[in-house]
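Please read the following briefing alongside the sequence and the model.

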Amino acid sequence: MKSNAIFPSAYRKRSARFFHHALIIVGIILFTTGNSTAMDQGRTESALPVIVIHAKRFAFIPSQITLEAGKAVRLVFVTDDITHSVAVPGLGIDMPIWRFRSNQIVVTPAATGDFAGECTRYCGIGHDRMKFVVHVVR
Ligand SMILES: [Cu+2]
């Protein structure tokens, strides 16, 4: 083959190894920058109160939270098993809950009321039971 003549086998082996190492390094960089982005957001708005909500088949824990109108809060969603999603349309929340990530959103509810939410990613036979309610009080 022509390519064999141009690139001796030792060179091809070395470049294959280099490519393999480069892929691993890119993977590590992507993984760590993903985490540091979440941490950077934590630094810039660290004064906000934080509520951690766990998602797992087939519930949010806690399944209800209470916020104060006009006050910003950081909601951190963590999945204990597979990828879920959470949507609370009345509060502009609609986000995936990825594994191994701290999935965050800062919410400042404008109006009082009870806002219904749910898991919007099919996660199994009990998916329809994954309800979440945000009570907003004055
Ligand atoms: Cu789910």
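In this predicted model, strand E1 (residues 50–56) and strand E4 (residues 73–79) pair in the parallel sense over six bridges, where pairing requires at least two DSSP bridges between two strands. Within this pairing, Val50 has Arg74 in E4 as its bridge partner. Residue numbers count from 1 along each chain as its sequence is written. Local features need pLDDT of at least 70 and side-chain atom pairs count only at pLDDT 80 or more, whereas totals for chains, interfaces and linings use all residues.

**Sheet and overall pattern**
- E1 and E4 belong to an open sheet of four strands with mixed pairing, ordered E2-E1-E4-E7.
- Strand E2 (59–61) and strand E7 (103–107) are the edge strands, each pairing on one side only.
- The protein has two helices and nine strands, taken as DSSP runs (helices H or I, at least four residues; strands E, at least two) and numbered from the N terminus.
- Along the sequence, the pattern reads α-α-β-β-β-β-β-β-β-β-β.

**Core and contacts**
- The largest nonpolar core has 16 residues, and among those that touch the most other members are Ala55, Phe77 and Val86; such a core joins buried Ala, Val, Leu, Ile, Met, Phe, Trp, Tyr and Cys residues through C-beta atoms within 7 Å.
- E4, strand E5 (84–88) and strand E9 (131–137) each give two or more residues to this core, and E9 gives the most, with three.
- Buried residues (20 or more other C-beta atoms within 10 Å of their own, with C-beta atoms placed from the backbone) make up 16% of the 138 residues.
- Leaving aside residues up to four places away in sequence, Phe77 touches Ile53, Ala55, Val86, Ile97 and Asn103, a contact being C-beta atoms, placed from the backbone, within 7 Å.

Methods: A residue is buried if 20 or more other C-beta atoms lie within 10 Å of its own, exposed if 12 or fewer, and partly exposed in between; C-beta atoms are placed from the backbone. Two residues are in contact if their C-beta atoms, placed from the backbone, lie within 7 Å.
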